[in-house]
Every structure is written in C-alpha cells, then in structure tokens.
Amino acid sequence: MELKDYLRILRRRWTTIVAFMILAVAAAAALTFTATPQYASTARLFVSTSPSDTADAYQGNLFATQRVASYADIVGSRQLGDRVADALGGDYDGDALAGKVKAVVVPETVILEITATDTDPETARDIAQAYAEGLSATVADLETPDGGETALIKASIVDDARTNSAPVSPNIPRNMGLALVLGLLLGIGVAVLREMLDTSVANADDVAQATSAPVVGNIFNDPASLKLSPAQALDDATPWAEAFRVLRTNMQFVQVDSPTKVFVVSSSLPAEGKSTTALNLAVTLAMANQRVVLIEADLRRPLIAERMGLVGAVGTTSVLVGKIDLDDALQDYEDTGLKVLTSGPIPPNPSELLQSHAMERLLADLRARFEVVIIDAPPLLPVTDAALIANQADGAFVVVRHGKTTKDQLSHAVDRLEAVDAKVLGVVINMTPQKKRGGAYGYGYGYGYGYGYAPDPAKLAAQEEEALADPGDTISAAESAQPAPDGHRRGKRSRR
C-alpha cells in the first residue's frame with residue numbers, strides 16, 4: 001500500500017477513527033474523574049563526608065556519590081519501613097508504607113529525594129518527613145565504625161517535607177492527551193484492517209479488481225424517490241433521477257453499430273436492486289422518446305408488475321406457452337411510451353422456458369419492433385436463467401450493491417456470463433450513499449435539486465422580446481422554459 005492508499009482509507013473510514021477516539025477519550029475521562037486524588041510530598045537529603053583536608057574532600061565526594069545510590073535502595077527496605085511506622089505511632093504497616101514511597105537520586109549530585117504519596121496531603125507530608133529522618137538515622141548507624149563515635153558519611157535533611165494541596169494524580173491533561181493519541185492510533189489501525197479485510201464493491205477501483213467491464217452507472221440511495229412511482233421519481237430534478245440519465249447516456253455508447261439493442265440487467269445475488277435498476281432505466285429511455293420495451297424474465301420472484309402498478313396475471317410465460325399474443329400481453333406504462341411485458345404466471349420450469357425456441361422468437365419479434373429491449377433477469381449466482389437469456393441478447397449489465405456485493409461474487413457472476421459467451425457490457429453500482437444533499441458519493445460533482453430546470457428570468461424576457469420581433473424564428477418563451485423529455489432544455493428551432 002502506498003501513501004495515497006492510506007489517505008483514501010482515512011477518507012473512507014474517518015467515522016471509525018473518530019469513533020475510536022471518542023471511545024478512548026470517554027474511557028479515560030471515566031477513569032480519570034472517578035479516580036481518588038493522590039497527593040505527594042518530597043523531602044531532600046544531602047549525603048556527605050567529613051574530610052580533614054582538600055584531598056580527603058575529593059575522595060569523600062566520590063565515596064558519597066557511590067553510596068547515595070545504595071541509600072536510595074534502603075528506602076524500600078522493610079527495616080526502614082518498620083522504623084518509620086514506629087515513628088508515626090504504629091498506625092501503619094512497614095510494607096504498606098514502602099509502597100507509598102519512592103527515592104530518586106538527582107543525577108550527578110549527592111542529593112536524594114524521598115517522595116511519599118497518599119490520598120491525604122498531610123499524611124503524605126508526615127510519611128515523607130518520617131522517611132527522611134529515618135534514613136538519616138539509618139545512614140548514621142551504618143556508616144559509624146565499630147567502637148567509633150562519628151559516622152564517616154551522613155545524610156542531612158536540606159528540605160523538609162511540606163503539604164501540597166494540588167493532587168499529582170489523576171493528571172487530567174496528560175490522561176486526555178494520551179487517550180486521544182491512543183484512540184487515533186487504534187482507530188487508524190482498525191480502519192486499515194477493515195479496509196484490508198473488506199472485499200465489498202464500493203467504487204470503480206473495486207470493480208476493476210473483479211472485472212474489466214467499465215462502470216456505466218452509479219445509482220444513489222434515495223428512499224424518498226423509491227416511494228414514488230418510477231414516472232414521478234424520474235421526472236423530478238433529483239440526484240437519483242440524474243443518475244439514471246447518466247446511465248442512459250452511457251448506454252448510447254454500447255453497441256453503437258447495432259440499430260436494435262437487447263440488454264439483460266442482472267445481479268450476483270437477490271436484493272441488490274437489479275429490478276429497480278431495470279425498470280427505472282427503461283422508463284428513463286422511454287422518456288427520451290425511444291421505443292423501449294421492458295421484459296420481466298425473472299420468472300421465480302417477479303416484482304415489475306407490483307412496482308409499476310400493472311397486471312401480472314399475463315405476460316412473458318403466457319406468450320411463451322402460446323396462450324396469448326404478444327400484442328395483447330404488452331402493457332403501456334402511464335404516458336411515458338414504455339411498453340412492459342410482465343412475468344405472467346410463475347412456471348415450474350423457468351430455465352426451460354427461457355432457453356426455448358419460443359423465447360428466441362419472442363426476442364426476435366421484439367428486436368424488430370423496438371429500439372431498446374431491457375430484460376430484467378434473475379440473479380446470476382443462484383440460478384442459470386440470466387446467463388441463458390444473456391446468451392441470446394446483445395450483452396448484460398451487472399448490478400452490484402454498494403458496500404454489500406463482494407468482489408468474489410461479482411467475479412463469479414461475470415464468469416457465469418462469459419461461460420456462455422455472453423458479453424458483459426458494464427457494471428452499475430447501486431445504493432451508493434450520498435454525502436450530502438446535491439452531492440454524490442464517488443463523483444467529483446453533484447447535481448443540486450432544481451439544477452438547470454428553473455427558468456432564468458432574464459433569458460425568459462429576452463426570448464419573449466425576440467419572439468415578438470420574429471415569431472417564426474424562435475419557439476415561445478414559455479415552451480423554451482419547459483424541460484425536454486431527456487431532461488435538458490430545448491434550444492432554438494431552426495428556421496423553416
């Protein structure tokens with residue numbers, strides 16, 4: 001992985017990183033503010049010898065420097081702890097006192113600092129002072145020769161222990177800072193791990209790892225549009241409707257030399273949105289004044305009739321078994337110009353029907369009548385129906401669900417199509433989350449609600465003046481303000 005890959009992970013997984021940072025800071029805050037405050041007090045001792053001349057002073061200083069480290073270890077001894085406990089009135093245990101005290105030698109000096117910590121500041125002061133006095137007496141006992149009266153080395157108290165009202169623990173700024181850094185590092189680690197373990201398809205780069213087919217569409221997740229009928233939803237100026245117009249535009253570059261185009265729309269598994277994509281794509285094409293027919297070939301779990309409010313009792317299966325003519329089975333969808341052939345009764349043998357000669361004749365008949373034939377096929381991995389139909393069509397579009405369909409599932413679905421010599425024309429990423437209103441995930445641009453559809457008052461006035469000056473040269477200002485069927489403004493008409 002390169003640096004840009006890590007930056008991409010940070011952009012995609014920033015919510016995970018922020019969540020771990022918040023959790024770490026919250027945990028640290030809970031521990032910090034529930035912890036019992038600890039107070040510290042420090043006493044300082046100076047370790048020295050009693051030289052008789054300058055040479056002895058130098059030797060004595062070296063000797064004291066060597067000894068002071070040993071005295072720091074004595075602070076933790078049980079014997080000194082017992083002596084301090086007696087000095088404090090016998091209310092403390094020597095081992096318990098040893099856990100409250102720490103001795104540190106100031107570097108390159110003979111200064112010894114004894115620090116005691118306790119929940120009560122006065123108790124901490126008393127313990128530190130008692131340890132300083134006890135160590136001074138212990139050093140005198142240890143460094144006095146047998147039969148002598150004067151100790152060769154002495155530990156003198158230079159700073160008595162004092163009461164410190166400010167707690168040394170918990171240290172709120174330090175704890176919060178460490179928690180923030182720890183949460184950041186942990187969040188980044190989890191984000192990178194999730195990215196490496198995540199095999200779902202989320203963008204064109206993920207699609208490229210599974211197939212060489214291009215991404216021809218990116219459909220946003222818009223629950224509000226799905227609650228409307230397809231004709232109503234696609235007539236609105238929303239990013240969701242514009243995404244289907246982009247898909248329609250991209251489809252114009254597929255099979256350019258073919259006057260009639262028969263396309264299969266399928267997916268790897270159910271619940272990836274292939275039926276929704278197929279019917280909305282067909283409606284979008286029909287709204288651009290193309291002769292389009294939508295065939296429901298998912299004979300196992302048909303959804304088109306219910307979604308579009310059409311009759312599902314007769315349809316594809318009825319035509320294939322010869323119970324009804326094609327003209328009688330085709331239904332008009334509102335005033336869009338779209339013809340729909342619903343599934344009809346669910347048969348016990350869908351695969352046999354879809355690979356029958358009757359299906360070939362049906363597709364040939366539809367090719368002759370329509371410019372574009374959209375076939376809603378079953379998922380590719382559970383059954384072979386979609387692959388059988390795609391073999392008879394000009395190609396197939398595979399719909400993947402953003403963040404759910406895995407790269408392996410997409411790869412296996414493409415393999416199913418290629419195994420029957422069907423052409424994979426492109427991949428449609430469905431249910432892509434929107435970053436914000438008017439913005440599209442995965443795109444560097446966005447279409448705001450109402451983009452390009454509200455008439456410009458200045459232009460409208462200019463068009464009215466021009467129309468009055470020469471009525472035969474331009475269309476009316478009111479007609480010019482209306483959107484064309486393909487979602488764009490009409491321009492000037494040419495002079496006849």
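## Helix α3 and model basis

A72 lies in helix α3, residues 54-74; helices here are DSSP runs of H or I with at least four residues, strands are E runs with at least two, and both are numbered from the N terminus. A72 counts as buried at 14% relative accessibility, where buried means under 20% relative accessible area, exposed over 50% and partly exposed in between (1.4 Å probe, protein chains only). A72 and K102 are 30 residues apart in sequence, and their C-alpha atoms are 8.4 Å apart in space.

The model is predicted: local features need pLDDT of at least 70, side-chain atom pairs count only at pLDDT 80 or more, and totals for chains, interfaces and linings use all residues. Residues are numbered from 1 along each chain as its sequence is written, and side-chain values use heavy atoms, with hydrogens and water left out.

## Sheets and strand pairing

An open sheet of four strands runs in the order β2-β3-β1-β4, with antiparallel pairing; two strands pair if DSSP finds at least two bridges between them. Its edge strands are β2 (101-105) and β4 (153-159), each of which pairs on one side only. The twist from one strand to the next averages 30 degrees, with axes taken as lines fitted to C-alpha atoms (for helices over the stretch in contact) and angles running from 0 to 180 degrees between N-to-C directions. Strand β1 (residues 39-49) pairs with β4 over six bridges in the antiparallel sense. R44 stands opposite D159 in β4.

Elsewhere, β5 and strand β12 (residues 424-432) pair in the parallel sense over four bridges. F220 has T432 in β12 as its bridge partner. Strand β5 (residues 215-220) is largely enclosed by the rest of the structure, because five of its six residues are buried.

## Loop backbone features

S169 and P170 are joined by a cis peptide bond, with omega about 0 degrees. P170 lies in the loop between β4 and α7 (172-197).

Two non-glycine residues with positive phi are described here. N289 has a phi of about 65 degrees and sits in the loop between α12 (274-287) and β7 (292-296); at 62% relative accessibility, N289 is exposed. E334 has a phi of about 45 degrees and is placed in the loop between β8 (331-333) and β9 (338-341). E334 is partly exposed, with a relative accessible area of 48%.

## Aromatic pairs

A search of the whole structure finds two aromatic pairs. Rings of Phe, Tyr and Trp (its six-membered ring) pair if their centres lie within 6.5 Å; planes under 30 degrees apart count as stacked, over 60 as edge-to-face and the rest as tilted. W240 and F244 form an edge-to-face pair, 5.0 Å centre to centre with 70 degrees between the planes. Both residues lie in helix α11 (residues 239-251), four residues apart, about one turn of the helix. W240 is buried at 3% relative accessible area, and F244 is buried at 1%.

F263 and F397 also form an edge-to-face pair, with 5.3 Å between centres and 70 degrees between the planes. F263 is in strand β6 (residues 261-267) and F397 in strand β11 (residues 395-401), so the pair ties together parts 134 residues apart in sequence. F263 and F397 are both buried.

## Salt bridges

The count comes to 19 salt bridges, each defined as a side-chain nitrogen of Lys or Arg within 4 Å of a carboxyl oxygen of Asp or Glu. R300 forms one with D385, the closest N and O atoms being 2.8 Å apart. R300 lies in the loop between β7 and α13 (304-308) and D385 in helix α18 (residues 385-392), so this pair ties together parts 85 residues apart in sequence. R300 is partly exposed at 36% relative accessibility, whereas D385 is buried at 0%.

D332 and K339 form a salt bridge with closest N and O atoms 2.5 Å apart; D332 is partly exposed at 48%, and K339 is partly exposed at 28%. D365 and R369 meet in a salt bridge of 3.1 Å, N to O, and are four residues apart in helix α17 (residues 357-369), or about one helical turn. R12, R13, E195 and D198 are linked in a network of salt bridges.

## Surface patch

L3, Y6, L7 and L10 form a nonpolar surface patch with about 370 Å² of accessible area together. Patches are made of residues with over 30% relative accessible area and no salt bridge; like charges are joined within 9 Å, and nonpolar side chains (Val, Leu, Ile, Met, Phe, Trp, Tyr) within 5 Å. Accessible areas come from the Shrake-Rupley method with a 1.4 Å probe, and for residues only the protein chains shown count as cover. L10 is in helix α1 (residues 3-12) and is partly exposed at 32% relative accessible area.
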